[in-house]
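Thanks for coming, everyone. I'll walk you through one structure today. Please have a look at it first.

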Amino acid sequence: MLIQLINPNTSATMTDAMATSAHQAALPTTQILASTPLHGPQSIECALDEAIASAALLDLIQAGKEQGVDAHIIACFGDPALEAARELADAPVIGIAEAAFQLASIVAFKFGVVTTLSRTLPASEHLLYKYGYERHCSGVRATDIPVLALEHLEPQAYALLKRECEQAMTEDGAEAIVLGCAGMSSLVARLQSELPVPIIDGVSAAVKWAEAIHQLGIKTSKVGHFGAPVQKSYVGRYEHWTR
Ligand code: 5HY
């Protein structure tokens, strides 16, 4: 199968890192098509970044659809434009936050989320409520490591990340840890070797959901909420999307 892995920020270095994690998680028969948007923020750390990133991200969804990919992954922890992408696409669209929460809630009764900036804590909490996982979440913790600092993580920053994971376990009662940024996917193996609970990376989780959904022959329901976008005239470059 062919999975389109979209990094919604414009850091090609981050795209390469998450593509490596996706390949490691994927079956040998799965191909990963990793894409970086042509315009938008270098990292996504607030609602404005998400809103600006969404148009280029949806361009990539449309391009993937035209190319006939079997699944699309939106690899940013805010799951930006996830519902819009599901309207546009026929193949399943998987957001890494939802993928990680779903997986974590199967292997642990309570999971903790450890993310980047404190600024993004309400966004993660909002997603937990929206998806209905708040009862399974022991808490969301921030490290205040900026997203781009994850590309070349300093030892002190790694220590901080590990400490927040440990405190999520000891102080909040987390029985598994969800890493709250696609840029953390390369750190999973190390954290897993040093911590006693499952460490869950949304990129790998999304790859496995994509493979499972594809093998079951299931696509996005086009009846109701994720139905094709309402037909109308769009002014400018988006005109072709609704055809
Ligand atoms: C992410 N931002 O996964 C997020 C998550 C975050 O550019 N890729 C980004 O808020 O740290």
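Let me start with a term. Two strands count as paired if DSSP finds at least two bridges between them. With that in hand, take strand β3 and strand β4, residues 93–95: 3 bridges join them, and the two strands run parallel. One word of caution before going on: this is a predicted model.

Stay with β3. It covers residues 71–74, and both of its faces are covered. In a regular strand, side chains alternate between the two faces of the sheet. Here A71 and I73 sit on one side, H72 and I74 on the other, and all of them are buried.

Which strand pairs with β3 over 4 bridges? That is β1, residues 2–6, and the pairing is again in the parallel sense. Now find I73. Opposite I73 stands L5. I73 also stands opposite I94, which belongs to β4.

Next, the surface. Look at L103, I106 and V107. They form a nonpolar patch with about 260 Å² of accessible area together. L103 is located in helix α4, residues 96–107. Its relative accessibility is 30%, so L103 counts as partly exposed.

Now helix α5, residues 121–131. Which of its residues are buried? They are L121, S124, L127, L128 and Y131. Seen down the axis of α5, those buried residues fall within an arc of 130°, so they line one face of the helix. Turn to the face that points away from the buried side. There you find P122, H126 and Y129, and these are exposed.

On to charges. How many salt bridges does the structure hold? The count is 8. I'll show you three of them.

Begin at R141. Its side chain meets the side chain of E171 in a salt bridge, at 3.2 Å from N to O. This pair links distant parts of the chain: R141 is in strand β6, residues 137–142, while E171 is in the loop between α6 and β7, 30 residues apart. Is E171 buried or exposed? E171 has a relative accessible area of 54%, so it is exposed, as the cut-off is over 50%. R141 comes in at 14% relative accessibility and so counts as buried, the cut-off being under 20%.

R141 has another partner. D172 meets R141 in a salt bridge too, at 2.8 Å from N to O. This pair also links distant parts of the chain: D172 is in the loop between α6 and β7, R141 in β6, 31 residues apart. D172 is at 28% relative accessibility, so it counts as partly exposed.

The last pair is K208 and E211. Their side chains meet in a salt bridge, at 2.7 Å from N to O. Both lie in helix α8, residues 202–215. They are 3 residues apart, about one turn of the helix. K208 is partly exposed, with a relative accessible area of 37%. E211, at 4% relative accessibility, counts as buried.

One more thing on salt bridges. Those that share partners join R141, E164, E171 and D172 into one network.

That's my tour. Over to you.

Notes
Residues are numbered from 1 along each chain as its sequence is written. This is a predicted model: local features need pLDDT of at least 70, side-chain atom pairs count only at pLDDT 80 or more; totals for chains, interfaces and linings use all residues. Side-chain values use heavy atoms; hydrogens and water are left out. Buried means under 20% relative accessible area, exposed over 50%, partly exposed in between (1.4 Å probe, protein chains only). Patches are made of residues with over 30% relative accessible area and no salt bridge: like charges are joined within 9 Å, nonpolar side chains (Val, Leu, Ile, Met, Phe, Trp, Tyr) within 5 Å. Accessible areas come from the Shrake-Rupley method with a 1.4 Å probe; for residues, only the protein chains shown count as cover. A salt bridge is a side-chain nitrogen of Lys or Arg within 4 Å of a carboxyl oxygen of Asp or Glu. The arc is that of the directions from the helix axis to the C-beta atoms.
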